[in-house]
Amino acid sequence: MLHVSNLSKTFNAGTVNEVRALRGVNLDLPEGAFLVILGGNGSGKSTLLSAVAGNFRLDEGEVHLAGQNVTHWAEHRRARLIGRVFQNPFMGTAPTMSIAENLSLAARRGQRRHLGWALPRKLMDELRNRVSQLRMGLENRLGNAIGSLSGGQRQALTLLMATWLKPALLLLDEHTAALDPKSADLVLRVTEDVITRHRLTTLMVTHSMQQAANLGDRIIIMHKGTVAYRFAGADKQRLGVDDLLARFEGLRRRELLDETAAALLKETYL
Amino acid sequence: MTLFLGAFTIGLVLSLLALGIYISYRVFDVADITVDGSITFGAAICAVLIVKGAHPLLATLAGFGGGLAAGTVTGILQAKFKLNPLLSGILVMTGLYSVNLHVMGKSNVPLLTGETLTTWAERLGRAGLGKPEVNLLGWLVSTRDLVTLMVALGVVVIVCLALYWFFRTELGTAMRASGDNPQMIRALGVNVERYRIMGLALSNGLVALSGALLAQYQGFADAQMGIGMVVWGLASVIIGESLTGSRSLGLAIYGAVAGSVLFRLLVAIALRWGLNPNDLKLVTALFVFAALVLPQWLKRRARPALSTPPR
């Protein structure tokens with residue numbers, strides 16, 4: 001379903017701010033797979049997601065999605081295949097527009113938009129029905145501006161929007177990180193629900209070891225723009241929070257060792 | 001009363017300008033100074049066509065088309081060439097000054113002879129009411145002024161309804177979202193750049209339409225008539241928001257029109273009381289400045305008073 005080969009991206013190349021965000025990342029996801037991406041700050045996990053979504057031009061590598069080579073597709077064109085939820089709950093919805101209008105925009109994701117009424121009665125009925133399934137009582141407030149809702153409510157709606165038309169790929173970019181624990185639990189419940197119900201192929205970036213251990217059928221841990229560890233199948237199911245923490249600790253030590261070793265060599269030979 | 005009717009009519013004609021500015025300033029959050037050029041552009045095209053004997057309705061629509069083109073250029077500079085929005089507007093406005101002189105062939109085109117929407121309204125009034133003056137709530141007013149006002153009101157109502165409808169279609173909601181949250185709507189498959197160009201085209205089209213009507217009402221098009229128009233429009237939009245709020249689309253559109261009319265009436269009264277017409281633009285600029293700054297300033301003043309520690 002998703003096939004990513006040799007993805008490389010350097011930001012601000014040739015300047016002091018040069019960041020080698022991705023260094024040859026490869027991924028292969030069959031249909032219905034749920035991949036969790038873990039990694040420390042600056043490991044390139046969010047950049048990987050943005051590369052798949054098409055936010056920037058790649059230096060090298062290719063992205064194939066649903067049997068098509070989308071490497072040179074602009075972000076808005078890829079949106080036909082991709083549903084996306086951002087980390088910032090304010091990023092996924094248009095604040096001054098109503099709940100219904102926001103959802104109606106998502107109901108035409110990747111399709112041509114015409115001069116037809118944005119909110120025909122049939123769509124309104126469907127909106128009410130699907131919003132009520134969130135069990136947040138929002139179905140009675142469809143006319144309210146979405147900016148008046150809480151972060152958790154907005155994120156749940158963004159998730160509903162991203163999956164309104166079944167996407168070939170769902171991208172979740174630390175979508176519960178900015179929420180309070182209660183809202184995060186709620187959004188996570190909705191996430192699991194929608195992914196299993198529609199058997200969505202999913203990439204989820206997260207900071208939380210707990211989420212990583214509980215969710216998904218495979219996992220990668222990223223480090224310095226590369227994939228440091230991969231687990232799938234039974235290996236993934238056996239993996240607990242402690243195991244994940246141990247891997248992280250290992251990566252951290254390896255990094256420290258690199259630095260101290262370099263310092264030692266410098267001292268000895270220079 | 002004649003003064004009142006005149007101010008009301010100009011207020012309505014310029015409310016199309018305010019609606020155009022509403023789109024650029026409130027939907028796309030850009031102070032688009034192209035307006036100063038495109039209002040003249042619309043007036044120039046319309047006036048020249050009327051002098052050449054074109055049907056006034058056709059000439060008016062041609063003016064609207066000119067504004068669409070001007071806005072498209074500004075939009076392309078912003079969206080495709082990634083120029084600063086303000087600079088894009090300045091460039092197009094400056095270029096339009098020469099274009100306008102070329103269109104008109106001189107700096108002023110009078111409309112004394114040709115058939116305009118105003119003369120058409122006049123004839124309509126004479127045919128319908130049959131007398132040069134009518135009694136309006138106890139005042140005797142000229143039929144001509146009254147019917148012109150009605151025609152202007154009709155045009156504005158039609159434009160408002162069309163705009164309200166458009167912004168509630170699939171295309172229109174996507175356009176509003178492009179201004180409100182570009183990142184989000186891009187992830188939903190919308191080419192944000194294209195919608196921005198379309199939005200600025202529509203905005204300047206309305207402004208040019210306003211210019212075309214203004215030229216016909218005042219009886220001439222002039223190369224200088226656009227100066228400061230963007231500030232006029234901003235003032236109208238801001239007054240409108242304080243009148244109706246911006247909770248809903250319909251209220252915002254109604255507010256822009258009401259703001260324009262009210263502002264024009266205030267100006268007429270101020271002029272009547274002896275305001276030097278030369279000071280008008282300065283007063284308008286100061287007004288917009290105050291309207292933008294005062295609310296924040298008052299809020300900042302209010303906060304320390306609320307949080308004074310107990311002694």
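Guide: Of the 311 residues of chain B, 49% count as buried, a residue being buried if 20 or more other C-beta atoms, placed from the backbone, lie within 10 Å of its own. The model is predicted: local features need pLDDT of at least 70 and side-chain atom pairs count only at pLDDT 80 or more, whereas totals for chains, interfaces and linings use all residues. Residues are numbered from 1 along each chain as its sequence is written, and chains are lettered from A and ligands numbered from 1 in the order in which they are written.

The radius of gyration of chain B, taken over C-alpha atoms, is 21 Å, which agrees with the value near 19 Å that a compact globule of 311 residues would have; that rule is 2.2 Å times the number of residues to the power 0.38. The C-alpha trace of chain B spans about 70 × 55 × 35 Å along its principal axes. Chain B holds 12 helices and 4 strands, which are DSSP runs numbered from the N terminus (helices H or I, at least four residues; strands E, at least two). Among its contacts between residues at least 6 apart in sequence, 77% join residues at least 24 apart; two residues are in contact if their C-beta atoms, placed from the backbone, lie within 7 Å.

Within chain B, helix α2 (residues 34-51) and helix α10 (residues 229-244) have axes that come within 7 Å and cross at roughly 105 degrees. The two helices, α2(B) and α10(B), are therefore roughly perpendicular to each other, the term for angles of 65 to 115 degrees. At this crossing, Val35(B), Asp36(B) and Ile39(B) of α2(B) meet Met229(B), Val230(B) and Gly233(B) of α10(B). The residues of this contact comprise 4 nonpolar, 1 polar and 1 charged. Here Ala, Val, Leu, Ile, Met, Phe, Trp, Tyr, Cys and Pro are nonpolar, Asp, Glu, Lys and Arg charged, and the others, Gly among them, polar.

As for the partner, the contact between the chains takes 19 residues from chain B and 25 residues from chain A. On the side of chain A that touches chain B, α2 (75-78) and α3 (99-106) of chain A each supply at least two residues. The largest share, 4 residues, comes from α3(A). By class, that side of chain A has 10 nonpolar, 8 polar and 7 charged residues.

Terms used: Buried ≥ 20, exposed ≤ 12 C-beta atoms within 10 Å, placed from the backbone. Axes fitted to C-alpha atoms, helices over the stretch in contact; angles between N-to-C directions. Parallel < 35°, antiparallel > 145°, perpendicular 65-115°, else oblique.
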